[in-house]
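Please look through the sequence and coordinates first.

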Amino acid sequence: MNDREDIDGLAAEYVLGTLDAGERAEVAARRQREDDLDTAIGAWERRLAPLAEAVPPARPPAGLFQKIEARLANAAGSATGTGQVIELERRVRRWRNLAAAASAVAACLLVVIGVREMVRPQTPSSYVAVFQKDDVSPAFLLSVDLETRMLSIRMVAAERPPGKTYQLWIATEQSGGVPQSLGLIEERADITRTVLTAYDPTVVQKATFGVSLEPAGGSPTGRPTGPALHAKLIPSPR
Amino acid sequence: MTTAGDVSALLRRVAGRDRSAFAALYDATSAKLYGVVLRILQRRDLADDVLQEVYIRIWERAVDYDADKGTPIAWMAAIARNRALDEVRRKNPVSIEDAPETLEIAGDDPSPLDNLSLSQDMQRLARCLDGLEADKRDMVLLAYRQGLSREELAERYARPVPTIKTWLRRSLAQLRDCLGP
């Protein structure tokens, strides 16, 4: 079986729904960076969509829409703004698509030029870090406002394996590069925290951030123990 | 009756952050999407939670909807199915004995060609599905509509999981060759 066939078979089973939780998470992460997989999934969604048409409708309970509206209102009101993070998430996705469309070298150039064009920070205190790894690994988006030291992190394409949790770390020059915990990353929720208020803005700006996979409840040792992703802050694109 | 064109127009307004369009979109589509997630999850409490998340995602992602890539309802149904499947896979697999409802459905589903009011796309898909052997076709329908996993299908058809995987991949490849890109 060649690769092409394999990708199409995987996409087909993803859309059909027969993959297990781990495989689904892997495909969901991969489609963010693999255009051919994403395209194959789109094609299968179209092919099989008529089957969903034939599923009998069912009336959702009264009041459900009010709950949805309340959740949207909460999200819009949160300090660093879920909307802003989602906006960033979309840009990151576009960059990735743009990058994937060109050859590796051209992609680098495009990104550099694109970033130069796009990065005109309205608020110079707004920074973002993208945690990304090829293949199956999760991706996170961290945004930090250096002025208020508010931090917000969002799982972009990550599924938490059962019994595990993701933990956020900061390593600074002051701490001699030793990672210090910034807390656990809760599933599905954006964390907005003031944990950075203890740090000097210039220290935060130069710090390395890490996300590690830990046992439920967080690292038992106070240091990262599982596989980790690292990222540094860049000025937030506008 | 809301047409696909109406839903497209609503979705565009939702992309522009129009809350009243979002309410109208919910009214026009929630019964369809709730039907889809409820069929997979088989539990109203879970379906209620998932449906909320689905509409929040639709609100957040409406700007990404691309009309060239399918109808708006198909795009929304894909979001709903994906969330429901993630949720149902997260749980411990329910054994078939615990969920007697799932036993009835294959027989209950109308043979796809019985209903002449089905859309052209559905009729085309139905013809291709009819090209599969009966049990392979049922397997595809059970998986898509009710979210059965390979393991659940293996139990149901008394075959090893790898055999089920092979059957599914072959059936899907046959469908693709019949339907075209």
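The report covers the basis of the model, each chain, the interface and selected residues.

## Basis

This model is predicted: local features need pLDDT of at least 70, side-chain atom pairs count only at pLDDT 80 or more, and totals for chains, interfaces and linings use all residues. Residues are numbered from 1 along each chain as its sequence is written, while chains are lettered from A and ligands numbered from 1 in the order in which they are written.

## Chain A overall

Chain A holds seven helices and nine strands. Both element types are DSSP runs, numbered from the N terminus: helices are H or I with at least four residues, strands are E with at least two.

Chain A has 238 residues, and 31% of them count as buried. Buried means 20 or more other C-beta atoms within 10 Å of the residue's own; exposed means 12 or fewer, partly exposed is in between, and C-beta atoms are placed from the backbone. Among contacts in chain A between residues at least 6 apart in sequence, 62% link residues at least 24 apart. A contact requires C-beta atoms, placed from the backbone, within 7 Å.

## The four-stranded sheet

Chain A contains an open sheet of four strands. The order is β5-β4-β7-β8, with antiparallel pairing. Pairing requires at least two DSSP bridges between two strands. The edge strands are β5 (180-185) and β8 (228-232) of chain A, and each pairs on one side only. From one strand to the next, the twist averages 25°. Axes here are lines fitted to C-alpha atoms, for helices over the stretch in contact, with angles from 0 to 180 degrees between N-to-C directions.

Strand β7 (residues 208-215) of chain A pairs with β8(A) over five bridges, in the antiparallel sense. Within β8(A), A:A228 is the bridge partner of A:S212.

## Chain B overall

Chain B has nine helices and zero strands. Its pattern along the sequence is α-α-α-α-α-α-α-α-α. Of its 181 residues, 38% are buried. Residues 24 or more positions apart supply 59% of the chain B contacts with a separation of 6 or more.

Helix α2 (residues 19-41) of chain B has 23 residues. Its end C-alpha atoms are only 28 Å apart, short of the 33 Å that a straight helix would reach. That expected span is 1.5 Å times one less than the number of residues. α2(B) bends by about 55° at B:T29. The bend is the angle between axes fitted to the seven residues ending there and the seven starting there. After α2(B) comes B:Q42, with a positive phi near 60°.

B:D6 lies in helix α1 (residues 4-15) of chain B. B:D6 counts as partly exposed because it has 14 C-beta neighbours inside 10 Å. B:D6 and B:L25 are 19 residues apart in sequence, and their C-alpha atoms are 9.0 Å apart in space.

## The interface

Across the interface, 35 residues of chain A contact 46 residues of chain B. On the chain A side, α1 (3-16), α2 (21-31), α3 (35-53) and α4 (64-77) each supply at least two residues. The largest share, 11 residues, comes from α3(A). The chain A side divides into 21 nonpolar, four polar and 10 charged residues. Ala, Val, Leu, Ile, Met, Phe, Trp, Tyr, Cys and Pro count as nonpolar, Asp, Glu, Lys and Arg as charged, and the others, Gly among them, as polar.

A:G17 sits in the loop between α1 and α2 of chain A. A:G17 counts as buried because it has 24 C-beta neighbours inside 10 Å. Leaving out residues up to four places away in sequence, A:G17 touches B:R81, B:L85, B:A143, B:Y144 and B:G147.

Conventions: Contact = placed C-beta atoms within 7 Å.
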